[in-house]
Amino acid sequence: MNAAAAVARTHREQWAWIVATLTKRFGDLDIAEEAAADAFATAVEKWPADGVPPNPGAWLTTTATRKAIDRIRREGKRDDKQRESLMLHDDTPPEPTGAIDDERLRLFFTCCHPALAPESRVALTLRMVGGLTVPEIARAFLVRETAMEQRITRAKAKIKANRIPYRVPAAEDLPVRLSGVLAVLFLVFNEGYLATGPGTDPVRRELTGEAIRLTRLIRALMPGDGEVAGLLALMLLTEARHTARVSAGGELVTLTDQDRGAWDTALIAEGHRLVRERLATGEAPGRYQVLAAINAVHTSARDVRDTDWSQIVALYDQLVRLDPSPIVALNRAVAVAELDGPDVALAAVDRLSGKLAGYHAFHATRADLLRRLGRGPEARAAYDQAITLAGNTAETAYLTRRRDQLATR
Amino acid sequence: MRFFVSVIHDKANSGTPEEMAAIDAFNETLVAGGHWVFAGGLAGPDTATVIDGRDGPALFTDGPFVETKEFVAGFWVWEAPDLDVALKLAAAGSQACNRRLEVRPFL
């Protein structure tokens, strides 16, 4: 393997571990992050000439540790007794796997602490666990680089000022805290899958890919958790459809019209395996597991006409009990339209008008149902509202064409 | 480390007997857990005076330094090892006094 590829691979596989190890030792996210970045910069410089070291991860950890100590000395923090004692430690040999995994879990939970704003949790997780650079994260969320830098800096300062603990939460707090971590990962994935910017690609694979990579990591760290498995399955089954989802002309293709031959069979197989694995446990599923099961039913149908809509509606009924939000009710109505007809679905959708009036998918769903019921003028008005509210370029293109087709009839 | 915990409300000295009893009970758990440092209720913002002595003779102004509907109606000072402990106490404290709380660390 050449040096550049070795650096890239080590970065992908070991960044979180190096940052976590340094954070534990120095008790400071800032120092850990900067030292890890310095160490990788040194590797980029040295490995092409000196060759790739036999244990790249250990080489980088040792180098990063030296950089951190240099920085603490440089900044004259020697009066800080805690840091002083940490600096006196010998270079600790690589720890056994169990303890390493524990380190990365701590990093996840610290970055997703509930006292941080949700957008800060996303940014911090992508930086500290994902190893994305600040400019990369800023580009991903269409924020200026300086603003993103400030957001991350502020989050790290809050962690330090409040002594937000660097640990995996106690068993009693774990479910709530883990759901926060999963929410961050799902947010990253969704922003990639239905990108909201007018100037961005409709699907941002760098974001969906990163979300899947981090979810795989947390799955490796918490293999027994059903919701972690459910979220990973949900992401894989969604990602499997990405190439069929946007037409060559940049228009959104709905599930009904997608070329199913273009779906990624490997991702679907892996997603189905996870869903079956969860079903086999017999444990009551959470939200992500039910969403994954719904997607498993969709992706099991070779042709849209073979879709088992009654099973999908039954799964949505289960989801409504877990998450009685109007958005879940809206998605249930879409499935009901296939099972009981668009008139039944429209009645259910119209009951949500008070809560979802500002949500583009509400108007898009109404527009489609009204179109199918032959209520042209009302459908056109609903398309207009959906177009005004939609942020995704491919979706806007699709809705506009649908509306204009109505106009020419 | 110490945390300053503000009780946020739109009325001063408005605790009901039930709330006062719940606060007393909560305070006892604070003392028992070694978290208690200090606490007090504050009179309303209409009793405040702002003093500005930055440019020579002090200037006294009647009223609070910032006009808002909600204000700091009281406060605690807690001793806690980290934010997670403080947040757990704050969740119980908010329930006891039936008010929102703000937690901030001392420097």
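Student: How far apart are the end C-alpha atoms of residues 111-159 of chain A, and what is the helix and strand share of the span?
Tutor: The end C-alpha atoms lie 9 Å apart, and the span is 71% helix and 0% strand. Helices (H or I, at least four residues) and strands (E, at least two) are DSSP runs, numbered from the N terminus. This is a predicted model: local features need pLDDT of at least 70, side-chain atom pairs count only at pLDDT 80 or more, and totals for chains, interfaces and linings use all residues. Residues are numbered from 1 along each chain as its sequence is written, chains are lettered from A and ligands numbered from 1 in the order written, and side-chain values use heavy atoms, with hydrogens and water left out.

Student: Which feature does UniProt place at residues 111-159 of chain A?
Tutor: The unreviewed UniProt entry gives "domain: RNA polymerase sigma factor 70 region 4 type" there. UniProt positions follow the numbering used here, feature names are shortened, and annotations may be inferred rather than shown by experiment.

Student: And what does UniProt list for residues 4-93 of chain B?
Tutor: "domain: YCII-related", again from an unreviewed entry. The end C-alpha atoms of that span lie 13 Å apart. The span is 30% helix and 32% strand.

Student: What pattern does chain B follow along the sequence?
Tutor: β-α-β-β-β-β-α-β. That is two helices and six strands. The C-alpha atoms of chain B fill a box of roughly 45 × 35 × 20 Å along the principal axes.

Student: Now the interface. How much area do chain B and chain A bury between them?
Tutor: About 820 Å², 48% of it on carbon and sulfur atoms. Buried area is the accessible area (1.4 Å probe) that two parts lose on being put together, summed over both. In chain B, Met1(B), Leu83(B) and Asp84(B) lose the most area to chain A, together 52% of what that side buries.

Student: How many residues does the contact take from each chain?
Tutor: Nine from chain B and eleven from chain A.

Student: How many salt bridges does the rule find across the interface?
Tutor: Five. A salt bridge here is a side-chain nitrogen of Lys or Arg within 4 Å of a carboxyl oxygen of Asp or Glu. One of them joins Glu172(A) and Lys88(B), with the closest N and O atoms 3.5 Å apart. Helix H2 (residues 83-97) of chain B gives the most to the side of chain B that touches chain A, with four residues.

Student: And how many salt bridges over all chains?
Tutor: The count comes to 36. Among them, Lys156(A) meets Glu33(A) at 2.3 Å, N to O. Lys156(A) lies in helix H8 (residues 145-161) of chain A and Glu33(A) in helix H2 (residues 29-50) of chain A, so the pair ties together parts 123 residues apart in sequence.

Definitions and conventions
Contact = heavy atoms within 4.5 Å.
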